Amino acid sequence: MSMSEDKVRLIDVTINGTGRSFESGLSITELLSEIGAPKEAIAVALNESIVTRALWPQILLSDGDKVEVVTIYQGG
Amino acid sequence: MNDQSAATSPEADDVLNVANLTIRNRLILGTGGAPSHRVITDTVGVSGSEIVTVAIRRFDPNNKRASIFADLKELAVHILPNTAGCYSAKEAVLTAELAREALNTDLVKVEVISDDLTLLPDPIELTLATEELVSRGFQVFAYTNDDPVLADHLVKLGVAAVMPLGSPIGSGLGILNPHNISIIVERSTCPVVLDAGIGCASDAAFAMELGCDAVLVASAITRAQVPPLMAGAIAKAVQAGRESYRAGRIPKRRFALASTENDCRPFVD
């Protein structure tokens, strides 16, 4: 595999039920920035496990991951 | 919770301690059904409510609908996240954990619904979710049926508040089984919040007169023709109902009891 092919390696991730492709090596923090999530009142689950805010920069997404990004809306 | 004797003078500081909160306004506002965020902020302002519920939903990157967080943060109210839309204990626990992470709060109103038609709580899944959430350190407000036995179970599991429904969510049918609500109030050792079914101010007053510690109202306000006007009316009704309960109603009698003494009537020897 050449260097250029390695650089553009893509992963398929499901975010809130919708499939998207990203370059590999994407952290949760970078994902949130990518989708324009606000800084406050946000929570993330990766493959049905909560990821605490402190771990967002460290966790890198893998091919096939399912990510839920939630916030608060009116209701109840 | 039967605390009628706790504060019987009109001047007494009649606060409600629930979970880790101390509140004076006993109307909890649900935000579901509001046509806009402005309606919510207006109704919070008019009612003086100190606790407001919110739902946990997927973030919408297209911003077709905006989070209510910024509006509520400005109002400095206590935010009570719920698990609305959950049909299993597993979903409810995961949603509660998301809420805790998003809002940095242990408060959660647990709702586990059985079906779309009735929106009644599923007692088995509700109990499982409550048990798990309490063990994880949540302060659980448990939305439940008007069943005194189920309420007892939830109280024993360690909930912060038990929230029996008056009638199905959004029905506006009022309190269909006041007898059961009274039993729940008499036996509960934690606050009882009447939740769901309130249609108008008199329903809220009735709930408080039954001894409920607070009332949660959403649709009756958010879907009223003039929501802020209804918010004010229900807030007053909650206060009036509370004072009426504390004052102690007269017993019901089968026959009349004269309020004026019969002695010394003129022309009667």
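Reader: Which residue takes a positive phi just after α3(B)?

Author: Please keep in mind that this is a predicted model. The residue is B:N104, which takes a positive phi of about 55° just after α3(B).

Reader: How many residues does helix α3 of chain B have, and how far does the helix reach from its first C-alpha to its last?

Author: Helix α3 of chain B, residues 89-103, has 15 residues and reaches 21 Å from its first C-alpha to its last, which is close to the 21 Å expected at 1.5 Å a residue.

Reader: Is α3(B) mostly covered or mostly uncovered?

Author: An α-helix has 3.6 residues a turn, so residues three or four places apart point the same way. In this case α3(B) is mostly covered, with 12 of its 15 residues buried, and among these buried residues are B:A92, B:V93, B:A96 and B:R100.

Reader: How should I read the way helix α1 of chain B and helix α9 of chain B cross?

Author: Two packed helices are described by the angle between their axes and the distance between the axes. The axes of helix α1 (residues 37-47) and helix α9 (residues 227-247), both of chain B, come within 8 Å and cross at roughly 30°. Because angles under 35 degrees count as roughly parallel, α1(B) is roughly parallel to α9(B), and the crossing is right-handed.

Reader: Which residues make the contact?

Author: Those of α1(B) include B:V39 and B:V46, while those of α9(B) include B:A231 and B:I234; by class, the contact has seven nonpolar, three polar and one charged residues.

Conventions. Residues are numbered from 1 along each chain as its sequence is written. Chains are lettered from A and ligands numbered from 1 in the order in which they are written. This is a predicted model: local features need pLDDT of at least 70, side-chain atom pairs count only at pLDDT 80 or more; totals for chains, interfaces and linings use all residues. Helices (H or I, at least four residues) and strands (E, at least two) are DSSP runs, numbered from the N terminus. The expected span of a helix is 1.5 Å times one less than its number of residues. A residue is buried if 20 or more other C-beta atoms lie within 10 Å of its own, exposed if 12 or fewer, and partly exposed in between; C-beta atoms are placed from the backbone. Axes are lines fitted to C-alpha atoms, for helices over the stretch in contact, and angles run from 0 to 180 degrees between N-to-C directions. Angles under 35 degrees count as roughly parallel, over 145 as roughly antiparallel, 65 to 115 as roughly perpendicular and the rest as oblique. A crossing is left-handed if the near helix is turned anticlockwise from the far one by less than a right angle, and right-handed if clockwise. Two residues are in contact if their C-beta atoms, placed from the backbone, lie within 7 Å. Ala, Val, Leu, Ile, Met, Phe, Trp, Tyr, Cys and Pro count as nonpolar, Asp, Glu, Lys and Arg as charged, and the others, Gly among them, as polar.
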